[in-house]
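These are my notebook entries on one protein model. I set down what I looked up, entry by entry.

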Amino acid sequence: MTSSPQSPLQLGFLSFSSYLEQGASATSSLEDGIALFKHAEAIGLDGGWLRVRHFERGLTGAFPYLAALARETSRLRLGTAVVPIINESPVRLAEDAATVDLLSGGRLELGVAGGIFAHFPEVAGAFAQAYGHTDTIDGGPRAPWVLKRFLLGISGEELAPTPEDFKLQFTLAGEGLRVYPNSPRLRERIWYGSGGIDSAVRAAKLGLNLQLSTINTTESPLGVPGHQAEILAAYRDAIDLAPIGLVDPRPREVSISRYVVPWSNAREKEIFLASSEKHIPGVTERFGQGWKAGTVEEVTEHLLTDAALVAAQADFPTTLLLNLPSQVGLEWTQHLIELIATEIAPALGWTPASNETLAA
């Protein structure tokens, strides 16, 4: 069985960069992550995405790290999945994102969302206390307010006027307060992480790309992939390109994250399953939904029949994000993405970046 998508499938990976395990450190985790991104580029993957985890032993300072990755790579799309915006400053978020996008030559694929903890009031309250603010603003939830102000900022809109007799040193007279630097096409490369139909429809109406993970925020008897196919249909029907404000915006895109753990021999199976259980205890019980594990042949068939991947490829340029285990070590992680890139992804319609692209 082979797939025949309208648009070529892109292949990326989602890195956790954690250092909870014994003997690991923040420094080694960051350096291993850079090595993994460089390796992924060398073998032809299309992008690398970062998981952002505040108050955990993992990647927290996404933008300095993205800037470092921009200098160490030349072609990879550099993404986040996702920056939880509920506690962000919209102005600072826009400034940092535009700076990284300019340094990377327009390769930033910024994924944002309210954050999974927004669905757990007690945790959201603890985060708000840590940040020193409430989780509401102007009488409503904070996350939509941050998103609205952020989108205005990266679009170059005036966020506030300045007094007539006042001008900041490095601005033009009368232009008001605007976010600088400005990266004009960044607006079309903002993604929203959705776990249900309502948030997907909001993302579509705002002209945002859509990110789907291995977790839905709403239950469905169809399971994760089946319900995500419904989410994709609702997103497709609600798309409006007008909010982007560009004359020729690129088509809206979809990324789908799957925990993909294939093996071709007993040793690989032992290593990868042990790491999976360290990464998320009990994860092996969830294989078969958004989690794909087994022999190369079994995982290939899982992905070919994944309802969300099939639906996405029929309607959108689609990126499959390989959700990598975080505690297997750099060498085995590199081997894992090589195994997927050479033995599985080609059967899904993916082709690696050409030598010409790599040399460009």
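**Entry 1: a salt bridge between R53 and E56**

I began with R53, which has a relative accessibility of 28% and therefore counts as partly exposed, since that class lies between 20% and 50%. I noted at once that the model is a predicted one. I then looked up the partner of R53: its side chain meets that of E56 in a salt bridge, with 3.2 Å from N to O. E56 is partly exposed as well, at 34% relative accessibility. As a general point, I recorded that side chains of opposite charge can pair when their charged atoms come close.

**Entry 2: further salt bridges**

How many salt bridges does the structure hold? I found 15.

I looked next at D96, which forms a salt bridge with R92, the closest N and O atoms being 3.2 Å apart. Both residues belong to helix α3 (residues 90–103), where four residues, about one turn of the helix, separate them. In general, an α-helix has 3.6 residues a turn, so residues three or four places apart point the same way. R92 counts as exposed at 51% relative accessibility, while D96 is partly exposed with a relative accessible area of 22%.

I then turned to R236, whose salt bridge with D315 has its closest N and O atoms 3.0 Å apart. This pair links distant parts of the chain, because R236 sits in helix α7 and D315 in helix α10, 79 residues apart. R236 is partly exposed at 37% relative accessibility, and D315 is partly exposed with a relative accessible area of 36%. I also recorded a network: R77, E109, R250 and E253 are joined by salt bridges that share partners.

Is strand β1 largely enclosed or open? Five of the six residues of β1 (residues 10–15) are buried, so the strand is largely enclosed by the rest of the structure.

I looked up which strands pair with β1. Strand β12 (residues 318–323) pairs with β1 in the parallel sense over five bridges, and L320 of β12 is the bridge partner of L11. Strand β2 (residues 47–50) also runs parallel to β1, and four bridges join the two. Here G47 of β2 is the bridge partner of G12.

**Entry 3: helix α1**

I followed the chain into helix α1, since β1, α1 and β2 make a right-handed β-α-β unit. Helix α1 (residues 26–42) has 17 residues and reaches 25 Å from its first C-alpha to its last, close to the 24 Å expected at 1.5 Å a residue. The buried residues of α1 are S29, G33, I34, L36, F37, H39, A40 and E41. Just after α1, I noted that G44 takes a positive phi of about 100°.

**Entry 4: the largest nonpolar core**

Which residues touch the most other members of the largest nonpolar core? The core has 88 residues, and I listed L110, F150, I190, L210, L232 and L322. Helix α2 (residues 62–72) gives the most to this core, with seven residues.

Leaving aside neighbours within four places in sequence, I190 is in contact with L110, V112, F150, L151, I154, L208 and N209.

**Entry 5: helix α7 and its cover**

I compared the span of helix α7 (residues 223–238) with expectation. At 1.5 Å a residue its 16 residues should span 22 Å, and the end C-alpha atoms are 23 Å apart, which agrees.

I looked up S257, which is found in strand β10. It is buried, with a relative accessible area of 4%, under the 20% cut-off. Not counting residues up to four places away in sequence, S257 touches L14, L212, S213, T214, L321 and N323.

F166 is partly exposed, with a relative accessible area of 43%. From F166 to G176 is ten residues in sequence and 9.8 Å in space, C-alpha to C-alpha.

Notes
Residues are numbered from 1 along each chain as its sequence is written. This is a predicted model: local features need pLDDT of at least 70, side-chain atom pairs count only at pLDDT 80 or more; totals for chains, interfaces and linings use all residues. Side-chain values use heavy atoms; hydrogens and water are left out. The expected span of a helix is 1.5 Å times one less than its number of residues. Buried means under 20% relative accessible area, exposed over 50%, partly exposed in between (1.4 Å probe, protein chains only). A nonpolar core is a set of buried Ala, Val, Leu, Ile, Met, Phe, Trp, Tyr and Cys residues joined through side-chain atoms within 4.5 Å. Contact means heavy atoms within 4.5 Å. Two strands pair if DSSP finds at least two bridges between them. A salt bridge is a side-chain nitrogen of Lys or Arg within 4 Å of a carboxyl oxygen of Asp or Glu.
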